[in-house]
Amino acid sequence: MATDTAQSIFGASMAPFKSLQETVPIAMDMVKRGKFKLLKTFLGPAYDGLVLKKGKQSKQSFMHADHDICYDWTYAKGRNPQIDRLYEAGKAAQWNVSTDIDWTKEVNPLDIARPIIPDKFCPAAPHPMWNKLTPHEQAVERQSLLAWLLSQLLHGEQGALFATSQVVQSIPILDGKLFGASQIGDEARHVEVFHRYLAEKLEKRYEINDNLFVLIEAIMQDSRWDVKFLGMQIMIEGFGLGAFRAIREIVNEPLLEDIMLYVIADEARHVHYGVLALQEFYSKELSEKELAEREDLAFEICLLLQKRFLAHEIYEEFYGQKMTLSQWDQFAYDSYLMQIFRDSMFDLIIPNLKQIGLLSPRIEPLYRSHGLLRNDLGKSAPDMKNEDYLLKVR
Ligand SMILES: [Fe+2]
Ligand SMILES: [Fe+2]
(Lines give C-alpha, C1' and ligand atoms only; values in the text may rest on other atoms or scores of the structure.)
(Ligands and ions follow the chains in the order given, each with its own letter.)
Protein backbone atom coordinates (compact mmCIF):
# COMPACT_ATOMS: atom_id res chain seq x y z
CA MET A 1 0.00 0.00 0.00
CA ALA A 2 2.85 2.33 0.90
CA THR A 3 4.29 1.88 -2.57
CA ASP A 4 0.90 2.60 -4.15
CA THR A 5 0.54 5.80 -2.12
CA ALA A 6 4.05 6.94 -2.98
CA GLN A 7 3.42 6.23 -6.65
CA SER A 8 0.16 8.12 -6.67
CA ILE A 9 1.71 11.15 -4.91
CA PHE A 10 4.69 11.04 -7.25
CA GLY A 11 2.42 10.60 -10.27
CA ALA A 12 0.18 13.47 -9.24
CA SER A 13 3.06 15.85 -8.49
CA MET A 14 4.80 15.05 -11.77
CA ALA A 15 1.68 15.41 -13.93
CA PRO A 16 1.82 19.20 -14.44
CA PHE A 17 5.50 18.97 -15.43
CA LYS A 18 4.77 16.22 -17.93
CA SER A 19 2.01 18.41 -19.34
CA LEU A 20 4.29 21.41 -19.52
CA GLN A 21 6.74 19.32 -21.53
CA GLU A 22 3.98 19.08 -24.12
CA THR A 23 2.87 22.71 -23.88
CA VAL A 24 6.27 24.35 -24.09
CA PRO A 25 7.25 23.00 -27.53
CA ILE A 26 4.06 24.44 -29.05
CA ALA A 27 4.76 27.81 -27.47
CA MET A 28 8.48 27.75 -28.33
CA ASP A 29 7.79 26.84 -31.97
CA MET A 30 5.55 29.89 -32.30
CA VAL A 31 7.99 32.19 -30.50
CA LYS A 32 10.81 31.02 -32.78
CA ARG A 33 8.69 31.94 -35.77
CA GLY A 34 7.81 35.29 -34.17
CA LYS A 35 4.11 34.46 -34.05
CA PHE A 36 3.23 36.24 -30.81
CA LYS A 37 -0.37 36.98 -31.84
CA LEU A 38 -0.94 33.29 -32.50
CA LEU A 39 0.70 32.45 -29.22
CA LYS A 40 -2.06 34.49 -27.56
CA THR A 41 -4.71 32.47 -29.43
CA PHE A 42 -3.25 29.13 -28.38
CA LEU A 43 -1.71 29.75 -24.97
CA GLY A 44 -4.96 29.82 -22.95
CA PRO A 45 -6.39 26.72 -24.66
CA ALA A 46 -2.97 24.99 -24.36
CA TYR A 47 -2.97 25.67 -20.61
CA ASP A 48 -6.58 24.40 -20.32
CA GLY A 49 -6.00 21.33 -22.48
CA LEU A 50 -2.45 20.22 -21.73
CA VAL A 51 -1.88 21.38 -18.16
CA LEU A 52 -5.35 21.44 -16.59
CA LYS A 53 -6.57 18.55 -18.81
CA LYS A 54 -9.98 20.19 -18.96
CA GLY A 55 -11.21 17.77 -21.64
CA LYS A 56 -10.62 14.86 -19.28
CA GLN A 57 -11.49 16.12 -15.82
CA SER A 58 -15.24 15.71 -15.71
CA LYS A 59 -18.33 14.75 -17.66
CA GLN A 60 -18.70 18.26 -19.11
CA SER A 61 -16.41 21.08 -20.22
CA PHE A 62 -17.40 24.73 -20.55
CA MET A 63 -15.81 27.11 -23.05
CA HIS A 64 -16.57 30.80 -23.28
CA ALA A 65 -17.78 32.03 -26.69
CA ASP A 66 -17.75 35.68 -27.69
CA HIS A 67 -18.96 36.47 -31.19
CA ASP A 68 -21.41 38.80 -32.93
CA ILE A 69 -24.72 37.52 -34.22
CA CYS A 70 -25.64 38.85 -37.65
CA TYR A 71 -29.35 39.12 -38.48
CA ASP A 72 -29.91 39.27 -42.28
CA TRP A 73 -33.05 41.27 -43.16
CA THR A 74 -32.57 40.92 -46.93
CA TYR A 75 -33.54 37.22 -47.04
CA ALA A 76 -31.57 37.17 -50.29
CA LYS A 77 -31.67 33.41 -50.84
CA GLY A 78 -29.67 32.45 -53.93
CA ARG A 79 -27.38 35.50 -53.87
CA ASN A 80 -24.57 32.95 -53.85
CA PRO A 81 -25.96 30.34 -56.29
CA GLN A 82 -23.24 27.75 -55.60
CA ILE A 83 -23.91 27.75 -51.84
CA ASP A 84 -27.65 27.70 -52.57
CA ARG A 85 -27.17 24.58 -54.72
CA LEU A 86 -25.23 22.94 -51.88
CA TYR A 87 -28.09 23.77 -49.50
CA GLU A 88 -30.58 22.06 -51.86
CA ALA A 89 -28.24 19.05 -52.14
CA GLY A 90 -27.86 18.95 -48.35
CA LYS A 91 -31.62 18.87 -47.79
CA ALA A 92 -32.07 16.07 -50.35
CA ALA A 93 -29.23 13.97 -48.91
CA GLN A 94 -30.42 13.69 -45.30
CA TRP A 95 -30.20 10.14 -43.94
CA ASN A 96 -31.24 8.54 -40.70
CA VAL A 97 -28.81 6.80 -38.35
CA SER A 98 -31.59 4.62 -36.93
CA THR A 99 -33.09 3.38 -40.19
CA ASP A 100 -30.51 3.76 -42.99
CA ILE A 101 -27.71 1.93 -41.21
CA ASP A 102 -28.04 -1.85 -40.79
CA TRP A 103 -27.20 -2.16 -37.11
CA THR A 104 -28.02 -5.90 -37.20
CA LYS A 105 -24.69 -6.50 -38.98
CA GLU A 106 -22.42 -8.29 -36.55
CA VAL A 107 -19.02 -6.78 -35.73
CA ASN A 108 -16.31 -8.72 -33.95
CA PRO A 109 -13.47 -6.29 -33.17
CA LEU A 110 -11.49 -9.12 -31.56
CA ASP A 111 -11.68 -11.48 -34.56
CA ILE A 112 -8.28 -13.18 -34.89
CA ALA A 113 -8.92 -14.84 -38.26
CA ARG A 114 -10.07 -11.57 -39.86
CA PRO A 115 -8.30 -8.71 -38.05
CA ILE A 116 -10.40 -5.55 -37.99
CA ILE A 117 -7.24 -3.58 -38.92
CA PRO A 118 -4.68 -5.52 -41.00
CA ASP A 119 -1.23 -5.73 -39.38
CA LYS A 120 0.43 -3.61 -42.06
CA PHE A 121 -1.57 -0.65 -40.75
CA CYS A 122 -0.93 -1.26 -37.01
CA PRO A 123 1.86 1.05 -35.81
CA ALA A 124 3.21 -1.53 -33.34
CA ALA A 125 3.23 -4.50 -35.76
CA PRO A 126 6.76 -3.95 -37.22
CA HIS A 127 8.24 -3.85 -33.69
CA PRO A 128 9.67 -7.10 -32.18
CA MET A 129 7.34 -6.58 -29.18
CA TRP A 130 4.32 -7.26 -31.37
CA ASN A 131 5.28 -10.91 -31.96
CA LYS A 132 5.62 -11.49 -28.22
CA LEU A 133 1.91 -10.73 -27.77
CA THR A 134 -0.70 -13.49 -27.91
CA PRO A 135 -3.16 -13.32 -30.83
CA HIS A 136 -5.83 -12.13 -28.37
CA GLU A 137 -3.57 -9.34 -27.03
CA GLN A 138 -2.88 -8.22 -30.60
CA ALA A 139 -6.63 -8.19 -31.29
CA VAL A 140 -7.22 -6.04 -28.18
CA GLU A 141 -4.67 -3.52 -29.45
CA ARG A 142 -6.33 -3.40 -32.89
CA GLN A 143 -9.73 -2.85 -31.25
CA SER A 144 -8.24 -0.11 -29.04
CA LEU A 145 -6.50 1.65 -31.91
CA LEU A 146 -9.73 1.79 -33.91
CA ALA A 147 -11.67 2.92 -30.83
CA TRP A 148 -9.09 5.66 -30.21
CA LEU A 149 -9.30 6.92 -33.79
CA LEU A 150 -13.09 6.88 -33.89
CA SER A 151 -13.33 8.48 -30.44
CA GLN A 152 -11.24 11.43 -31.63
CA LEU A 153 -13.50 11.74 -34.67
CA LEU A 154 -16.55 11.62 -32.38
CA HIS A 155 -15.14 14.46 -30.23
CA GLY A 156 -14.26 16.42 -33.39
CA GLU A 157 -17.85 15.94 -34.61
CA GLN A 158 -19.21 17.42 -31.39
CA GLY A 159 -16.87 20.39 -31.95
CA ALA A 160 -18.11 20.68 -35.55
CA LEU A 161 -21.71 20.72 -34.29
CA PHE A 162 -20.97 23.72 -32.03
CA ALA A 163 -18.73 25.58 -34.48
CA THR A 164 -21.36 25.25 -37.21
CA SER A 165 -24.01 26.56 -34.83
CA GLN A 166 -21.81 29.57 -34.07
CA VAL A 167 -21.09 30.25 -37.74
CA VAL A 168 -24.82 30.08 -38.60
CA GLN A 169 -25.26 32.98 -36.17
CA SER A 170 -22.30 35.03 -37.36
CA ILE A 171 -21.96 34.59 -41.12
CA PRO A 172 -23.27 37.63 -43.01
CA ILE A 173 -24.57 35.59 -46.01
CA LEU A 174 -28.12 34.19 -45.82
CA ASP A 175 -27.24 31.26 -48.12
CA GLY A 176 -24.50 30.39 -45.64
CA LYS A 177 -26.94 30.45 -42.71
CA LEU A 178 -29.37 28.15 -44.52
CA PHE A 179 -26.67 25.69 -45.63
CA GLY A 180 -25.19 25.83 -42.13
CA ALA A 181 -28.54 24.81 -40.67
CA SER A 182 -28.53 21.68 -42.85
CA GLN A 183 -24.95 21.05 -41.75
CA ILE A 184 -25.98 21.21 -38.09
CA GLY A 185 -28.34 18.29 -38.81
CA ASP A 186 -25.46 16.43 -40.51
CA GLU A 187 -23.09 16.97 -37.58
CA ALA A 188 -25.72 15.83 -35.08
CA ARG A 189 -26.06 12.63 -37.12
CA HIS A 190 -22.29 12.14 -37.15
CA VAL A 191 -22.14 12.48 -33.36
CA GLU A 192 -24.98 9.96 -33.09
CA VAL A 193 -23.54 7.41 -35.53
CA PHE A 194 -19.97 7.37 -34.13
CA HIS A 195 -21.17 7.25 -30.55
CA ARG A 196 -23.51 4.36 -31.32
CA TYR A 197 -20.84 2.43 -33.22
CA LEU A 198 -18.32 2.83 -30.40
CA ALA A 199 -20.85 1.90 -27.72
CA GLU A 200 -22.51 -1.05 -29.45
CA LYS A 201 -19.84 -2.49 -31.74
CA LEU A 202 -16.41 -1.68 -30.27
CA GLU A 203 -17.62 -1.34 -26.66
CA LYS A 204 -14.77 1.05 -25.95
CA ARG A 205 -14.39 4.83 -26.06
CA TYR A 206 -11.45 7.16 -25.31
CA GLU A 207 -11.47 10.68 -23.92
CA ILE A 208 -10.51 13.59 -26.13
CA ASN A 209 -6.85 13.88 -27.09
CA ASP A 210 -5.37 16.93 -25.31
CA ASN A 211 -4.09 18.52 -28.51
CA LEU A 212 -7.46 18.17 -30.22
CA PHE A 213 -9.03 19.85 -27.17
CA VAL A 214 -6.57 22.75 -27.50
CA LEU A 215 -7.39 23.22 -31.15
CA ILE A 216 -11.15 23.07 -30.65
CA GLU A 217 -11.11 25.47 -27.70
CA ALA A 218 -8.97 27.97 -29.64
CA ILE A 219 -11.50 27.89 -32.49
CA MET A 220 -14.58 28.11 -30.25
CA GLN A 221 -13.22 31.11 -28.37
CA ASP A 222 -12.14 33.20 -31.34
CA SER A 223 -14.69 35.93 -31.92
CA ARG A 224 -14.11 36.19 -35.71
CA TRP A 225 -16.58 34.04 -37.70
CA ASP A 226 -14.14 33.49 -40.57
CA VAL A 227 -11.44 32.22 -38.18
CA LYS A 228 -13.89 29.74 -36.63
CA PHE A 229 -14.85 28.79 -40.15
CA LEU A 230 -11.26 28.41 -41.35
CA GLY A 231 -10.30 26.39 -38.28
CA MET A 232 -13.28 24.10 -38.32
CA GLN A 233 -14.62 23.96 -41.88
CA ILE A 234 -11.31 23.81 -43.73
CA MET A 235 -8.78 22.49 -41.22
CA ILE A 236 -10.60 20.17 -38.78
CA GLU A 237 -13.15 19.05 -41.38
CA GLY A 238 -10.23 18.38 -43.75
CA PHE A 239 -8.53 16.41 -40.98
CA GLY A 240 -11.78 14.47 -40.39
CA LEU A 241 -12.45 13.84 -44.06
CA GLY A 242 -8.86 12.66 -44.55
CA ALA A 243 -9.29 10.27 -41.62
CA PHE A 244 -12.72 9.02 -42.73
CA ARG A 245 -11.53 8.04 -46.18
CA ALA A 246 -8.34 6.47 -44.80
CA ILE A 247 -10.29 4.43 -42.23
CA ARG A 248 -12.83 3.31 -44.84
CA GLU A 249 -9.96 2.02 -46.94
CA ILE A 250 -7.94 0.22 -44.26
CA VAL A 251 -10.54 -1.46 -42.01
CA ASN A 252 -11.91 -4.97 -42.58
CA GLU A 253 -15.38 -4.11 -41.39
CA PRO A 254 -18.37 -3.73 -43.77
CA LEU A 255 -20.64 -1.83 -41.34
CA LEU A 256 -18.01 0.83 -40.67
CA GLU A 257 -17.29 1.10 -44.40
CA ASP A 258 -21.02 1.77 -45.00
CA ILE A 259 -21.10 4.43 -42.27
CA MET A 260 -18.01 6.13 -43.69
CA LEU A 261 -19.58 6.42 -47.15
CA TYR A 262 -22.55 8.30 -45.69
CA VAL A 263 -20.35 10.56 -43.57
CA ILE A 264 -17.85 11.28 -46.38
CA ALA A 265 -20.67 12.46 -48.69
CA ASP A 266 -21.85 14.91 -45.97
CA GLU A 267 -18.35 16.15 -45.16
CA ALA A 268 -17.55 16.74 -48.83
CA ARG A 269 -20.46 19.22 -48.93
CA HIS A 270 -19.25 20.92 -45.75
CA VAL A 271 -15.71 21.46 -46.99
CA HIS A 272 -17.03 22.64 -50.37
CA TYR A 273 -19.24 25.19 -48.59
CA GLY A 274 -16.29 26.34 -46.46
CA VAL A 275 -14.16 26.95 -49.54
CA LEU A 276 -16.92 28.86 -51.37
CA ALA A 277 -17.73 31.13 -48.43
CA LEU A 278 -14.14 31.92 -47.48
CA GLN A 279 -12.98 32.35 -51.07
CA GLU A 280 -15.49 35.17 -51.51
CA PHE A 281 -14.84 36.75 -48.12
CA TYR A 282 -11.02 36.58 -48.31
CA SER A 283 -10.85 37.93 -51.86
CA LYS A 284 -13.17 40.89 -51.19
CA GLU A 285 -13.21 41.84 -47.52
CA LEU A 286 -9.81 41.42 -45.89
CA SER A 287 -6.66 43.53 -45.96
CA GLU A 288 -3.28 42.02 -46.82
CA LYS A 289 -2.32 42.10 -43.14
CA GLU A 290 -5.51 40.32 -42.08
CA LEU A 291 -5.00 37.71 -44.78
CA ALA A 292 -1.41 37.10 -43.66
CA GLU A 293 -2.70 36.54 -40.12
CA ARG A 294 -5.13 33.85 -41.37
CA GLU A 295 -2.36 32.33 -43.45
CA ASP A 296 -0.12 32.03 -40.36
CA LEU A 297 -2.93 30.53 -38.33
CA ALA A 298 -3.69 27.90 -41.00
CA PHE A 299 0.00 26.98 -41.12
CA GLU A 300 0.21 26.59 -37.31
CA ILE A 301 -2.86 24.34 -37.34
CA CYS A 302 -1.25 22.24 -40.11
CA LEU A 303 1.83 21.78 -37.92
CA LEU A 304 -0.31 20.77 -34.95
CA LEU A 305 -2.19 18.25 -37.10
CA GLN A 306 1.06 16.95 -38.57
CA LYS A 307 3.06 16.57 -35.38
CA ARG A 308 0.79 16.34 -32.35
CA PHE A 309 -1.69 13.53 -33.00
CA LEU A 310 0.46 10.59 -32.05
CA ALA A 311 -1.97 8.47 -30.03
CA HIS A 312 -0.48 9.18 -26.61
CA GLU A 313 -3.50 7.52 -25.02
CA ILE A 314 -2.55 4.25 -26.78
CA TYR A 315 1.07 4.74 -25.66
CA GLU A 316 0.00 5.18 -22.04
CA GLU A 317 -2.26 2.12 -22.14
CA PHE A 318 0.04 -0.33 -23.92
CA TYR A 319 3.59 0.98 -24.29
CA GLY A 320 4.32 3.25 -21.30
CA GLN A 321 6.42 0.53 -19.65
CA LYS A 322 8.13 -0.55 -22.87
CA MET A 323 9.56 2.64 -24.40
CA THR A 324 9.94 6.35 -23.68
CA LEU A 325 7.38 8.85 -24.94
CA SER A 326 9.86 10.38 -27.38
CA GLN A 327 10.68 6.91 -28.76
CA TRP A 328 6.95 6.31 -29.19
CA ASP A 329 6.48 9.69 -30.92
CA GLN A 330 9.11 8.84 -33.52
CA PHE A 331 7.77 5.32 -33.87
CA ALA A 332 4.15 6.46 -34.30
CA TYR A 333 5.10 9.37 -36.58
CA ASP A 334 7.03 7.03 -38.92
CA SER A 335 4.30 4.35 -38.99
CA TYR A 336 2.58 3.50 -42.26
CA LEU A 337 -0.81 4.31 -40.67
CA MET A 338 0.21 7.86 -39.74
CA GLN A 339 1.80 8.41 -43.15
CA ILE A 340 -1.50 7.43 -44.79
CA PHE A 341 -3.46 9.74 -42.49
CA ARG A 342 -1.13 12.67 -43.09
CA ASP A 343 -1.14 12.21 -46.87
CA SER A 344 -4.91 11.76 -46.99
CA MET A 345 -5.50 14.86 -44.84
CA PHE A 346 -3.01 17.26 -46.44
CA ASP A 347 -3.96 16.17 -49.98
CA LEU A 348 -7.37 17.62 -49.14
CA ILE A 349 -6.42 20.61 -46.98
CA ILE A 350 -3.59 22.20 -49.00
CA PRO A 351 -5.42 22.67 -52.35
CA ASN A 352 -8.32 24.21 -50.42
CA LEU A 353 -5.99 26.66 -48.68
CA LYS A 354 -4.67 27.67 -52.09
CA GLN A 355 -8.21 28.05 -53.41
CA ILE A 356 -9.20 30.47 -50.62
CA GLY A 357 -6.01 32.50 -51.08
CA LEU A 358 -4.01 31.32 -48.06
CA LEU A 359 -1.03 29.80 -49.84
CA SER A 360 0.86 32.88 -51.00
CA PRO A 361 4.52 32.87 -52.12
CA ARG A 362 5.33 34.21 -48.62
CA ILE A 363 4.16 31.07 -46.81
CA GLU A 364 4.67 28.40 -49.50
CA PRO A 365 8.38 27.77 -48.67
CA LEU A 366 7.41 27.08 -45.04
CA TYR A 367 4.92 24.42 -46.11
CA ARG A 368 7.53 22.95 -48.43
CA SER A 369 10.23 22.87 -45.73
CA HIS A 370 7.91 20.88 -43.45
CA GLY A 371 7.06 18.36 -46.17
CA LEU A 372 3.47 19.56 -46.39
CA LEU A 373 3.47 20.57 -50.03
CA ARG A 374 3.55 18.27 -53.03
CA ASN A 375 4.59 19.39 -56.49
CA ASP A 376 1.37 18.05 -57.99
CA LEU A 377 -1.20 19.89 -55.93
CA GLY A 378 -4.51 18.00 -56.20
CA LYS A 379 -8.01 19.31 -56.80
CA SER A 380 -9.71 21.72 -54.42
CA ALA A 381 -13.22 21.01 -53.09
CA PRO A 382 -15.20 22.80 -55.85
CA ASP A 383 -13.56 20.53 -58.48
CA MET A 384 -13.94 17.27 -56.58
CA LYS A 385 -16.60 14.66 -57.21
CA ASN A 386 -17.72 12.15 -54.58
CA GLU A 387 -15.56 9.39 -56.08
CA ASP A 388 -12.46 11.62 -55.75
CA TYR A 389 -12.87 11.35 -51.98
CA LEU A 390 -12.36 7.58 -52.02
CA LEU A 391 -8.81 6.55 -51.28
CA LYS A 392 -6.84 3.59 -52.62
CA VAL A 393 -3.99 2.47 -50.37
CA ARG A 394 -4.10 -1.37 -50.22
FE1 LIG B 1 -19.15 15.83 -39.40
FE1 LIG C 1 -18.69 18.39 -41.17
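The secondary structure of the chain comes to 15 helices and 0 strands; helices (H or I, at least four residues) and strands (E, at least two) are DSSP runs, numbered from the N terminus. This is a predicted model, in which local features need pLDDT of at least 70 and side-chain atom pairs count only at pLDDT 80 or more, while totals for chains, interfaces and linings use all residues. Residues are numbered from 1 along each chain as its sequence is written, and chains are lettered from A and ligands numbered from 1 in the order in which they are written.

### Burial and core

Of the 394 residues in the chain, 42% are buried. A residue is buried if 20 or more other C-beta atoms lie within 10 Å of its own, exposed if 12 or fewer, and partly exposed in between, with C-beta atoms placed from the backbone. Among contacts with a separation of 6 or more, 83% are between residues 24 or more positions apart. Two residues are in contact if their C-beta atoms, placed from the backbone, lie within 7 Å.

In soluble globular proteins, nonpolar side chains tend to be buried together. The largest nonpolar core here has 96 residues; such a core is a set of buried Ala, Val, Leu, Ile, Met, Phe, Trp, Tyr and Cys residues joined through C-beta atoms within 7 Å. Helix 9 (residues 225-250) gives the largest share of this core, 14 residues. The residues with the most contacts inside the core are L146, L215, A243, A277, A298 and I349. One of these, A243, touches L149, L153, F341 and M345, not counting residues up to four places away in sequence.

### Helix packing

Two packed helices are described by the angle between their axes and the distance between the axes. Axes are lines fitted to C-alpha atoms, for helices over the stretch in contact, and angles run from 0 to 180 degrees between N-to-C directions.

| Helix pair | Axis distance | Angle |
|---|---|---|
| Helix 7 (residues 174-202) and helix 10 (residues 254-284) | within 11 Å | roughly 155° |
| Helix 6 (residues 135-170) and helix 8 (residues 210-221) | within 11 Å | roughly 5° |
| Helix 3 and helix 10 | 10 Å | about 165° |

Angles under 35 degrees count as roughly parallel, over 145 as roughly antiparallel, 65 to 115 as roughly perpendicular and the rest as oblique. Helix 7 is therefore roughly antiparallel to helix 10, and helix 3 is also roughly antiparallel to helix 10. Helix 6 and helix 8 are roughly parallel to each other.

Helix 7 and helix 10 cross in a left-handed way; a crossing is left-handed if the near helix is turned anticlockwise from the far one by less than a right angle, and right-handed if clockwise. On the helix 7 side, the contact is made by G176, F179, Q183, D186, H190, V193, Y197 and K201. Helix 10 brings L255, L256, I259, V263, D266, H270, Y273 and A277. By class, this contact of helix 7 with helix 10 has 9 nonpolar, 4 polar and 3 charged residues. Ala, Val, Leu, Ile, Met, Phe, Trp, Tyr, Cys and Pro count as nonpolar, Asp, Glu, Lys and Arg as charged, and the others, Gly among them, as polar.

Helix 3 also passes helix 10 in a left-handed crossing. Here Q82, I83, L86, A89 and G90 of helix 3 meet R269, H272, Y273, L276 and A277 of helix 10. The residues of the contact of helix 3 with helix 10 are 6 nonpolar, 3 polar and 1 charged.

Between helix 6 and helix 8, residues Q152, H155, G156, G159, F162 and A163 of helix 6 meet L212, I216, I219 and M220 of helix 8. That contact of helix 6 with helix 8 divides into 6 nonpolar, 4 polar and no charged residues.

### Loop residues

Most residues other than glycine have a negative phi. Y75, in the loop between helix 2 (36-51) and helix 3 (81-92), is not a glycine and has a positive phi of about 50°. Y75 is exposed, with 7 other C-beta atoms within 10 Å. E203 lies in the loop between helix 7 and helix 8, and its phi is also positive, near 55°. E203 is exposed, with 12 other C-beta atoms within 10 Å.

L310 sits in the loop between helix 11 (288-307) and helix 12 (312-319). L310 counts as buried because it has 20 C-beta neighbours inside 10 Å. Leaving aside neighbours within four places in sequence, L310 is in contact with D329, A332 and Y333.
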